Amino acid sequence: VVSCNSIFSSPVKDSFSKTDLCNKEERQGLEMSFSDKKPAEDESGRSKKKQKKEDAWRPEGPRDPIAMLKSLPESKQQEIQRALHLFSLGPSLPKTLQQAKKYTYRFWETQPVPRLGRNAVTHGPIVSGETSVRKEPYSLPQGFSWDTLDLSSPTVLRELCTLLNENYMEEDDNTIRFDFSLEYLQWALQPPKWLAQWHCGVRVDTNNKLVGFIAAVPADVRIYETEKRMVQVKFLCVHKKLRLKRMTPVLIRELARRVNQQGLRQAVYTASVMLPTPLSSCRYSWTRPLNLRKLKEVSYPGLRQDMNLQRAVKFNRLPKVTKTPGLRPMTKEDVAGIHSLLQANLLKFHLSPILSLQEVEHWLLPKENVIDTYVVQGDDGTLTDVVSFYSVSYKVLNHPVHTGLRAAHLLYIASAAADLMDLMEDTLVLVKSKGFDIISALDVMDNKSFLEKLKFSISNTNLHYYLYNWMCPNMSPDKVGLVLPN
Ligand SMILES: CC(C)(COP(=O)(O)OP(=O)(O)OC[C@H]1O[C@@H](n2cnc3c(N)ncnc32)[C@H](O)[C@@H]1OP(=O)(O)O)[C@@H](O)C(=O)NCCC(=O)NCCS
């Protein structure tokens, strides 16, 4: 355990300006990309005539690379993006522990997170003790400002939606994008006791455009035997044109400062990239097709290639109706019953949320196109089982027929009476009947017991769970009882 003056961040470089974004050329480049402002005159002072002569060899049309890209049809842009991805020479984060050990994490090495390659045997904070929290926000490069997003304003909520939908990309080839709804973002970002100052945005001064975001929501979490009030970190996003300029460390530091101000010192978060140091690593994610024809038509990645459509449809066929007696949608009256059911079930795991009644209501009470929950009620009226899934929409780009995809993500499933397999198969039937095209789940909790049997297929990416400023032994995914919706 290291003692340090500041809990969340060590006294290190506190802005992404100095080395990374503050030089004049880059700033001008950025201003160009966000405000479409053209320099009045050539910087070197060359005459317009001379410039014209020098440019004579160039083809007609816009010369700004961004403008050139924009002038291409969307399909061409996607092709270029695919090619860039394939031949990318740019820096990319390590994918495996082996690679990570050889990589220098300039930012994360300054943070109170466990060092790579060591499995802790003790439990506790990495930095502890009473500390003073920095009063002023971390500095941003000239031309950028912090903004606490007021999500009660529909305009602001829409701006956040636009930032995420255009930049929180799902597929590298830019053919399928998130299509978060306003209702979904409110659900994900405004649980009981949410704080506006933890919805932390970065804007461009000249046009007020939102270009960066990070959020935290409060949560009580049990880690092994310890119960801790902490935050769950969500929706870290940097505008595509500002990537690799080290805005992320500043966003994280500033959010940590704001969380520290409320007396909280720990955070839990997930990421598909390998950072120091995963508490647990699970598969992200197991998916189960429901509308095969459509998924094939949009070339949904990860579908089994070894079957033709007809065989695949047959292979994935589901019963028409559910089989568990007493299975019905959750109502507000079920909150207390679900609360005790979930709390008893979650005790089995080493990492799990401690939910209040209000949180059960917020996270689970059905909201159209956001969250669905079903319960099983026994003959004596008691609730014996619960299953919930949240809903994320995707935009399909550049397809002649399909414009969107609907995916359900398994949140919680807990059964005290029904067979877990049967309950999950019923869930697939319900999800399909609600018009979802695909369902996904993580191999956390007891999910491994039904994933393969119910024809979920594994993806080749991982989802890592991390704790900030907490050391404890790592755990296998089946000991993780926490799912963090995006
Ligand atoms: C994730 C994202 C914000 C990273 O931005 P970036 O421009 O590539 O990275 P920056 O130059 O700003 O910062 C680099 C630092 O951020 C860290 N970083 C990158 N992705 C991260 C993540 N998902 N979580 C935490 N830290 C991350 C890097 O490790 C690096 O620090 P290091 O020097 O210690 O290695 C950006 O790629 C993005 O918005 N992606 C789409 C949304 C997304 O995937 N969000 C993350 C969900 S978990």
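## Ligand shell

In this predicted model, the ligand is surrounded by 21 residues, and the closest of them are Tyr105, Arg106, Phe107, Arg243 and Thr248. Sorted by class, the shell around the ligand holds 15 nonpolar, two polar and four charged residues.

## Strands and crossover

Strand 7 and helix 9 also belong, together with strand 8, to a right-handed β-α-β unit. Within this unit, strand 7 pairs with strand 8 (residues 267–271) in the parallel sense over two bridges, and valine 231 is found opposite alanine 267 of strand 8.

Strand 8 has a further partner in strand 17 (residues 462–468), to which it is joined by five bridges, with the two strands running antiparallel; in this pairing valine 268 stands opposite leucine 467 of strand 17.

## Nonpolar core

The largest nonpolar core comprises 107 residues, of which Val231, Leu255, Ile338, Val386 and Ile439 touch the most other members. Strand 6 (residues 210–223) gives the most to this core, contributing nine residues. Because domain 1 (2–17 + 94–271) and domain 2 (285–460) both give residues to this core, the core lies between them.

In soluble globular proteins, nonpolar side chains tend to be buried together.

How values were computed
Residues are numbered from 1 along each chain as its sequence is written. This is a predicted model: local features need pLDDT of at least 70, side-chain atom pairs count only at pLDDT 80 or more; totals for chains, interfaces and linings use all residues. A residue is near a molecule or strand if its C-beta atom, placed from the backbone, lies within 6 Å of it. Ala, Val, Leu, Ile, Met, Phe, Trp, Tyr, Cys and Pro count as nonpolar, Asp, Glu, Lys and Arg as charged, and the others, Gly among them, as polar. Two strands pair if DSSP finds at least two bridges between them. Helices (H or I, at least four residues) and strands (E, at least two) are DSSP runs, numbered from the N terminus. A crossover is right-handed if, with the strands pointing away from the viewer, the path from the first strand over the helix to the second runs clockwise. A nonpolar core is a set of buried Ala, Val, Leu, Ile, Met, Phe, Trp, Tyr and Cys residues joined through C-beta atoms within 7 Å. A residue is buried if 20 or more other C-beta atoms lie within 10 Å of its own, exposed if 12 or fewer, and partly exposed in between; C-beta atoms are placed from the backbone. Domain bounds come from an automatic or database domain assignment.
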